[in-house]
Structures are given as structure tokens and as C-alpha cells.
Amino acid sequence: RPPISVQAGRSHGQNNLMIALGICIASRSKQRGGSPLPLLPERRQARVQRHADAGARRAAVLVPIASVEGVPSIVLSVRSMIVSQPGQVSFPGGHLEAEENPVQAAFREAEEELGYEFRRDFQLVDECSDIMAPSGVVVTPVVAIRSRELNLENLKLSEEVASVFALPITHLLDDNHREWRTYVGR
């Protein structure tokens, strides 16, 4: 199924599914003792941590999971031509401000980029371990779920965002949409 870009209607059953998905993710976090969801092998994670400890610039992104057209999806944006990496598909996010933690930064940036209607009703469910962007910025992914249906057409996009779309979770889980690559020197 291709990415979704509009909403067809609201489904009470899908809202229950989103709540159940949030509970499942939070339960797995509790099983890990509240530690961040690991995304990298231990050796690579240690390298990222050393980079962060050495004073690397920090950022956070929101990994927003929402029901769009009744389908559990990950919401992504396309960067506009006036910002760095124009046309890049990305999660909402940006650099941490002084005295701000990654969760606060991820939600603030999501609201700045996609508007209050987007940010409204999202609940934090997990924080992932830090990763390092090619630029050397240390990024913390923050996972949040919205229990209410999200209508992408109602969003107030900032000038940093060209468009927004939803990618169904089933698409991401389908083996036909996976590709493994090996990069030399990375």
C-alpha cells in the first residue's frame, strides 16, 4: 500500500488499536527497565556515546505513530527548498535548545514544523538510544503515539516543510519493502 496523504474517516476500532500499540511499546520499555530502545550494536553505540560525551551537538526527532485514514502509520515530512537538505524525507525534529531534554525538543520541533494540531494528543511512549547523523550531530529518536485520528490536511506546515505524508506500519513490516546494503568505510 502506498503512503497515505489524506484522511477518509475516523474509526473507533483504530483508536483502540493505537492505544493498544502504545501500551505494548510502553510495556516493552518497562521490561528493559526504562532504558532507551537500542537501535545500534553495543560497539557502535559506545562510539556514539563517546562522541556525545565529547560535546557533540545534540538533536531530537519525533517518531510519530498515528492513525491516518484508519491505518496505523508513521508520519514523515519532506523538507522545503529553503532549509538544508531540501527534499529530504525526515521525522520532525531539530537541535536541542539550552536547558531542554530530547523529549521536550522533539515535541517542540514537531509543533513548530507541523503545527499545534499535529502535536495535540500525542503521548510519549518510548525514547530510543542515541544515533549519530552523518553531520556528526547526536540524535535522540523519541517515539510518540496519537490515539485520535490524524487528518494531515488540517496541519499548519511551517515554511521548513514542503509536505507531510503517512507511511503505513504494515508497509514497513512487509519483507518485500526491505533492502540490505553494505557501505564500505562506514
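This is a predicted model: local features need pLDDT of at least 70, side-chain atom pairs count only at pLDDT 80 or more; totals for chains, interfaces and linings use all residues.
Close-up 1. The residues concerned are Gln-45, Val-48 and Ala-52, and because they cover an arc of only 60° around the axis, they lie on the same side of α2. An α-helix has 3.6 residues a turn, so residues three or four places apart point the same way.

**Close-up 2. The length of α2, its exposed face and the glycine that follows.** Helix α2 runs over residues 42-53, and its 12 residues reach 16 Å from the first C-alpha to the last, which is close to the 16 Å expected at 1.5 Å a residue. Turned away from the buried side is a face that carries the exposed residues Arg-43, Arg-50 and Asp-53. After α2 comes Gly-55, a residue with a positive phi near 100°.

**Close-up 3. Strand β8 and its pairing with β2.** Strand β8 covers residues 161-168, and because 6 of its 8 residues are buried, the strand is largely enclosed by the rest of the structure. Its pairing with strand β2 (residues 71-79) is antiparallel and extends over 7 bridges. In one of these bridges, Ser-73 has Pro-168 of β8 as its partner.

**Close-up 4. The aromatic pair of Phe-118 and Phe-122.** A search of the whole structure finds 1 aromatic pair, and this pair is formed by Phe-118 and Phe-122, whose rings are 5.0 Å apart from centre to centre. With 40° between their planes, the two rings count as tilted. Phe-118 has a relative accessibility of 0% and therefore counts as buried, and Phe-122 is also buried, with a relative accessible area of 3%.

Close-up 5. Glu-69 lies in the loop between β1 and β2, where its phi is positive, at about 55°, although Glu-69 is not a glycine. Its relative accessible area of 21% makes Glu-69 partly exposed, because a residue must be under 20% to count as buried. Asp-121 is found in the loop between α4 (116-119) and β5 (122-127), and it too has a positive phi without being a glycine, here of about 75°. At 26% relative accessibility, Asp-121 counts as partly exposed.

Conventions
Residues are numbered from 1 along each chain as its sequence is written. Side-chain values use heavy atoms; hydrogens and water are left out. Buried means under 20% relative accessible area, exposed over 50%, partly exposed in between (1.4 Å probe, protein chains only). Helices (H or I, at least four residues) and strands (E, at least two) are DSSP runs, numbered from the N terminus. Two strands pair if DSSP finds at least two bridges between them. Rings of Phe, Tyr and Trp (its six-membered ring) pair if their centres lie within 6.5 Å; planes under 30 degrees apart count as stacked, over 60 as edge-to-face and the rest as tilted. The expected span of a helix is 1.5 Å times one less than its number of residues. The arc is that of the directions from the helix axis to the C-beta atoms.
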